[in-house]
Amino acid sequence: MSGTDAVVIGAGPNGLVAANLLADAGWDVTLLEANDAIGGAVRSSTDVDSAFVHDTFSSFYPLAMVSPTIKGLKLEEHGLEWSNPPSPVGNPLRTGGWALVHPEPADTAAALDLHAPGDGQAWLELFSDWQRIGPAITEALFNPFPPVRAGVDLLGHLLGPRGLKRLRLLIGPVRSLGDSRFEGEAAKLLLATNSQHADIAPTAPGSGLMGWLLLMIAQQYGYPVPRGGAGHLSQALADRFTSRGGTIVCQARVDRIIIRDGRAVGVRTADGTQYSASRAVLADVSAPALYSHLIPREDLPARVQQRLRFFKWDPGTIKVDWALNSPIPWNDAPELAPGTVHIADSVDDLRRWSRQLSDDWIPDRPFLLMGQMTTSDPSRSPAGTESAWAYTHVPHHTRGDAAGQLTGEWNDAESELMAERIEARIEEYAPGFRERISARRILSPRELERRNANLFGGAVNGGTSGLTQELVLRPMPGLGRAETAIKSLYLASASAHPGGGVHGACGSNAARAALLHTR
């Protein structure tokens with residue numbers, strides 16, 4: 001059995017962050033990855049077309065811009081470069097034109113005023129709120145819960161002018177927030193569609209905060225991408241770790257955590273190799289994988305087994321990547337090309353889609369999150385072309401298909417039909433889109449999970465972001481921090497607070513907990 005201070009399971013972004021922070025503290029750390037390469041859900045390749053770079057899973061990283069963990073690692077010193085599109089995010093409108101975030105708040109406000117006079121001033125007021133309370137919110141979001149210092153600071157800001165409006169912003173549905181602050185559909189749609197990066201319905205509490213948070217980050221920092229592909233972010237994390245003496249072992253799938261006297265002391269891989277950990281084991285795996293598969297059942301308290309039954313995944317995902325021989329032929333070319341595009345006809349259309357999904361129906365008119373990657377980073381494909389993708393969510397247990405075509409089996413035939421549905425949706429706003437496709441890749445929920453076991457059924461956020469499974473309730477009541485039911489074992493994945501997104505906080509919180517308990 002090879003020995004080390006700590007073993008980190010999983011070389012996704014959270015595992016890589018955790019390993020870096022432990023190495024910074026002088027620990028001897030071994031990082032084990034089941035796949036043949038590091039990165040988890042932050043990888044890229046030329047699989048679709050040899051001349052095009054496509055991100056396999058995630059692409060845009062706004063939360064990295066406000067994450068103290070990511071900023072503190074100084075990954076630019078290890079080769080990471082960021083690239084921003086002309087506009088971070090936008091929506092083509094059914095009535096023509098676009099709702100766009102411009103690089104400058106005044107320009108965004110002026111554009112929104114053209115859709116509905118007065119909405120520009122409302123935008124500037126939201127951005128002023130962000131400047132006032134944004135730092136306290138992000139500090140609270142990315143630190144272990146409850147965040148005492150950030151919470152006191154945040155409360156002080158909320159008790160200032162317009163305090164009740166800010167409180168409503170934090171707890172209300174995005175639908176209510178949009179209706180109370182804006183008159184026009186353009187601003188309301190920007191707010192509502194950005195909220196859907198988490199699986200909180202636009203009529204549910206918490207969706208207002210998510211929409212506002214991402215839009216304000218977009219306004220201040222953009223929606224940046226790593227130059228050359230998402231994999232460059234993972235590689236920078238890996239290079240930083242190994243430069244500090246860390247060890248990475250790929251094709252090393254952990255199948256058991258070794259526990260003695262109620263304490264994690266190492267792991268065993270599928271080939272029988274054992275790695276001892278004298279101080280801690282950190283797991284960048286989903287909560288169900290940790291508690292149902294890696295921890296021997298006899299070592300798991302009965303109360304944890306019971307609570308795990310109530311763990312809820314976020315919806316599944318189907319993603320389509322395209323190599324296009326020209327930019328997307330939008331019906332109305334936007335003033336500034338956005339890197340991230342959201343396609344929904346209206347806020348009511350978005351609510352209808354969300355209701356179908358929550359009722360376990362495959363939506364007939366899917367809401368799309370799209371990426372124009374060459375627009376965001378010209379190195380992604382040859383000049384005059386576009387590396388693009390879109391994804392939408394689907395239920396884990398399908399009751400039916402609103403279009404009457406699919407069963408939710410997600411075999412090759414069904415995946416093709418869903419890809420065609422997605423392309424037809426794009427064609428409504430970009431006639432001739434299909435004619436530009438030179439190559440295509442479909443990643444069904446099954447295929448996403450096959451490529452990354454943490455993406456169970458295509459779930460991309462490590463579990464639902466609904467309020468019933470957030471903060472002290474994430475991943476389950478009684479285990480709302482990185483600490484687990486086993487001593488010296490820490491949950492470092494998106495199943496832990498604060499959840500999905502590439503911000504490194506889950507890995508950081510786990511590393512900090514391990515260091516604290518060791519002291």
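**Aromatic pairs and backbone exceptions**

Reply: Happy to. Searching the whole structure turns up nine aromatic pairs, where rings of Phe, Tyr and Trp (its six-membered ring) pair if their centres lie within 6.5 Å, with planes under 30 degrees apart counted as stacked, over 60 as edge-to-face and the rest as tilted. Please keep in mind that this is a predicted model, in which local features need pLDDT of at least 70 and side-chain atom pairs count only at pLDDT 80 or more, while totals for chains, interfaces and linings use all residues. Residues are numbered from 1 along each chain as its sequence is written, and side-chain values use heavy atoms, with hydrogens and water left out.

Let's begin with Trp130 and Trp212, an edge-to-face pair at 5.7 Å centre to centre with 70° between the planes. Trp130 sits in helix H5 (residues 119-142) and Trp212 in helix H10 (residues 207-221), so this pair ties together parts that are 82 residues apart in sequence. Helices (H or I, at least four residues) and strands (E, at least two) are DSSP runs, numbered from the N terminus. Trp130 and Trp212 are both buried, which means under 20% relative accessible area, against over 50% for exposed and partly exposed in between (1.4 Å probe, protein chains only).

Next come Trp322 and Phe433, also an edge-to-face pair, with 5.0 Å centre to centre and 90° between the planes. Here Trp322 belongs to strand E13 (residues 316-324), and Phe433 to the loop between helix H16 (412-429) and strand E19 (437-443), so parts that are 111 residues apart in sequence are tied together. Trp322 and Phe433 are buried as well. Elsewhere, ring pairs link Phe60, Trp389 and Tyr391 into a cluster.

Now for the backbone. Most residues other than glycine have a negative phi, and most peptide bonds are trans. Trp410, although not a glycine, has a positive phi of about 55°. This tryptophan lies in the loop between strand E18 (400-401) and H16, and its 5% relative accessibility makes Trp410 count as buried. Ser488 is not a glycine either, yet has a positive phi of about 65°. You will find Ser488 in the loop between helix H17 (445-451) and E20, buried with a relative accessible area of 14%. Finally, His497 and Pro498 are joined by a cis peptide bond, with omega about 5°. Pro498 is in the loop between strand E20 (489-491) and helix H18 (505-518).
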